[in-house]
Each structure stands twice: as C-alpha cells, then as structure tokens.
Amino acid sequence: MRHVIVMGAGITGVTTAYELALLGYQVTVVDQHLYPAMETSYANGGQLSACNAEVWNQKATVLKGLKWMSQKTAPLLLNPSFSLHKYSWLIEFMGNIKHYEENTRETVRIALLARQRLYEIAEIEKIEFDLEKRGILHFYHTEQDYKVAAKVNDLLCSGGLERNAISNEEIKQIEPALTGNYYGGFYSQSDATGDIHKFTTGLAKACADKGVLFLFGQNVNAVEQKDDYIRVHCAPSSENTNANPEERLELKADAIVVCAGVGSYQVAHMLGDRVNVYPVKGYSITVMLNDEQSQQNAPWVSLLDESAKIVLSRLGRDRLRVAGTAEFNGYNRDIRADRIQPLVDWTNRNFDISTEHVVPWAGLRPMMPNMMPVVRRGQGKRVFYNTGHGHLGWTLSAATAAMISQQVAQMYPAT
C-alpha cells in the first residue's frame, strides 16, 4: 500500500485525504493547528455557491479597488504599502482579465461537480452540517447594477448554471424576512448552504475511521525529494505546547499533496515550485439568534447583496452567518472593528433581528491571480498541489479533491 502525505487539514486537505483513502492509499495529514478546519475553513460565509463562480478579473474590479482605497469600510481594501508578493500578484491578476469568461465557465463546471460530490459524501458518511438546500438569492438596489448582473448571469448560465431573474415582489416571496425594497435579483434554486467547520471536522472523523492518520500541531520544516520516495521533516508548532520543542518527526512517503491554504506559497518555494497564492482577508460575524423573535425573523434562504458584497447563510435554528469584504494586507489576521461593524450594520438594516450577541472572525482566503484553484503536479514528480481556491474553497473542494487524487493514482497506483 502506497503512502501519501497531505499538508493541511482544512476543507481541501480533508476532502483530499478522504478521496485518497477511498482509492486504497495509506494517508497521513499534517497540520500546524491542533484540530481540523481552524483557518479559512472555520467560519466562512457558508455558501455552496456555483452562482458565485464569476472570477474577479475585470477592469471594473481594478477601478473599484482604486476608488475604495481611501474608504476604510469599502468592500475591497488594498494596503498600498510595497510588497513584491502583493504587487506581482496584482500584475498577474490584471494579465488574466483576458481569461475572464473562460475561467468563469470552468469554475461553474467544477462547482456543479463539487456540489454533487459533497452531497454524496455527506449522505454516505452521515455528516450533519446544517445543510439547507433552499437556494441562493442575489439582490440588487439599482437598475445599473442589475443590468451589469444580467450579463454576468448569461455567462454563468452558459457554463451550465440554472439561475432565474426575479422581481422585487418575487424576492419578498422567496425570502419574506427581507425588509427593504430592491430593484430586482437572480435566484439559484439548486445552490445551498452549510457549516464548513462542522462538515470538515465530521469528514476528518470519517477519514480517521478509514485509517487516515492526523498529525496535528506539526510544522513541515523541510522536504527531501528522492527518485524513489519523498521524506518530510516536521517539528512541533507553537500551538503544540505539550510537545518537546526539540522533538522531530520524519515521514517517508510515495507522494505529497500540498493543501496548505495561504501557506502554499512558502511550501511551494521550499519544493522548488512557484504557486502564487496571496492571502486575501475576509471577515464574518456569527449572529447568535438567542431569542424567539430573532429566530422567527431571520432568513432561511441564503442571500448575496451585490452592492455591499455581503453574503448571508442560516446555520441551523439559532445561528446566522454574515460575511464579506476583501482585504489585501498580507498575512495580517487582526479582526478590525471598522471592518466588522459594516456587517452588523447591514444585518440591522435588512432584518428585524437582535445583533446583541455577535461573534466576529477573520480568515485569509488563498487566492491565485487567475482566481482558479491549482490542481496539478509540481516540478518534482512526487509533488502535487490542491490549493488556491480563494473564496470558493467550500464550493469547489469536493471536486478538486477527486481530481488531484486521480492524478496521484495515475502516477503512483495505490497497490
């Protein structure tokens, strides 16, 4: 039985470990944290959203980013301080504007495959994760925004998505909890929402039951690439306070799959590859619906307010997840009050619920300049990558995990 090491225990790493285990591999997952799904897979917007597959590579995005640079509460915020990594990423981002349409269609295709696979996994492994198959509703405040969105909708539908235009009256029928008036919207009935952290931890348990070994609280310090094997050197991370800091682990394997999120940039450099993942910070709040009135007035249909770039998902009876913003500020993980407050204000403006009990969070999305995940071999013949999913890791991972596992199997069959 061949051995594969997976770096990272977020949604991409755990789904990859699961698919490899099904193919008959001995699998070891290494992560710096003490539990699975403790980075970007902890508290995202919750949407399994093929309808959000549009890549960001447009001139309009660049112009908006420049316009918003001086506004602390803007949906997109760029710290202009110099960073070679950041500015090389931005240059490559602009260079991919010409691939906007083809990359959007391909993202839709992967998202539709991933959605079906995730449902299958959840059913087979009996994973409870507050799944709601009530669709995703995008709404728009102005005629101009709606007309732009109509063109995007045509592009998404050309990629295979089913998504319908709806009026303000239909918006209220689909989600009566909305209290505002809107110009119009689009509704993707087949999309869904769920708790990414619950799903990932549930799947990690299913993986462990299938023999997958999880090594938590470990940093990968070095990797030796040989003709016949690959050797990974690990040391306790700063979170692993119970371990001897001088203790070292050596793992020998037939292949390694890098699913290290925003850390993939550094790992790839260590392995002799260039994977230009940049951390784009996003914020969320979890509104605790502790009173009966809030539970009754909170929406069940997932929402996306296009003008504010804010998404909403209902997570069970007593939680509401509201997320948004994109911040280019390096590996900074600080939770800024001036970025959280617009999410609270938006919630108060659109719904008659209490925001007395709110849990803030910030995470770093691992984004590639072309907004496409990296699912391929590295230069080293025993190195593979499944990373760079950006804001769509929850949406795409079930498909990319199967894709990269098949690539590993083609090169190094399990038995």
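Modeller: Start with C234. Its bridge partner is L249, in strand 12. That strand and strand 11 (residues 230-236) pair in the antiparallel sense, over five bridges. Helices (H or I, at least four residues) and strands (E, at least two) are DSSP runs, numbered from the N terminus. Two strands count as paired if DSSP finds at least two bridges between them. This is a predicted model, with residues numbered from 1 along each chain as its sequence is written. Local features need pLDDT of at least 70, side-chain atom pairs count only at pLDDT 80 or more, totals for chains, interfaces and linings use all residues, and side-chain values use heavy atoms, with hydrogens and water left out.

Three strands form it, open and antiparallel, in the order 10-11-12. Its edges are strand 10 (218-225) and strand 12 (249-253), each pairing on one side only. Neighbouring strands are turned by 25° against each other on average, direction ignored. Axes are lines fitted to C-alpha atoms, for helices over the stretch in contact, and angles run from 0 to 180 degrees between N-to-C directions.

Another open sheet has six strands, in the order 9-2-1-13-20-19, and its pairing is mixed. Strand 9 (213-216) and strand 19 (374-377) stand at its edges with a single partner strand each, so one side of each has no neighbour in the sheet. The twist here averages 15° from one strand to the next. Within this order, strand 13 (residues 255-258) and strand 20 (residues 383-387) run parallel, over three bridges. There V257 stands opposite F384 of strand 20.

Strand 15 (residues 302-305) is covered on both faces. S302 and L304 lie on one side, L303 and D305 on the other, and all are buried. Buried means under 20% relative accessible area, exposed over 50%, partly exposed in between (1.4 Å probe, protein chains only). Strand 5 (residues 136-140) joins strand 15 in parallel through four bridges. H138 has L304 as its bridge partner in strand 15. Strand 16 (residues 310-314) pairs with strand 15 in the antiparallel sense, over three bridges. L304 is bridged there to V311.

What is the phi of K309, in the hairpin of strand 15 and strand 16? It is positive, near 55°, and the hairpin has four residues between the strands. At 35% relative accessibility, K309 counts as partly exposed. D130 also has a positive phi near 55° in a residue other than glycine. Its place is the loop between helix 4 and strand 5. For context, most residues other than glycine have a negative phi.

That loop leads on to the helices. Helix 4 (residues 100-125) packs with helix 1 (residues 11-22) at about 70°, with the axes 13 Å apart. That makes helix 1 roughly perpendicular to helix 4. Angles under 35 degrees count as roughly parallel, over 145 as roughly antiparallel, 65 to 115 as roughly perpendicular and the rest as oblique. Helix 1 passes helix 4 in a left-handed crossing. A crossing is left-handed if the near helix is turned anticlockwise from the far one by less than a right angle, and right-handed if clockwise. Y18, E19 and L22 of helix 1 touch R117, I121, I124 and E125 of helix 4. Contact means heavy atoms within 4.5 Å. By class, that contact has four nonpolar, no polar and three charged residues. Ala, Val, Leu, Ile, Met, Phe, Trp, Tyr, Cys and Pro count as nonpolar, Asp, Glu, Lys and Arg as charged, and the others, Gly among them, as polar.

Helix 4 also packs with helix 11 (residues 393-411), at about 80° and with the axes 7 Å apart. These two helices are therefore roughly perpendicular to each other. Among the contact residues are R117 and L118 of helix 4 and W394 and A398 of helix 11. The contact divides into nine nonpolar, three polar and one charged.

Helix 1 meets helix 11 at about 40°, with the axes 8 Å apart. That makes helix 1 oblique to helix 11. The crossing is right-handed. Its contact includes E19 and L20 of helix 1, and W394 and A398 of helix 11. The classes here are eight nonpolar, six polar and one charged.
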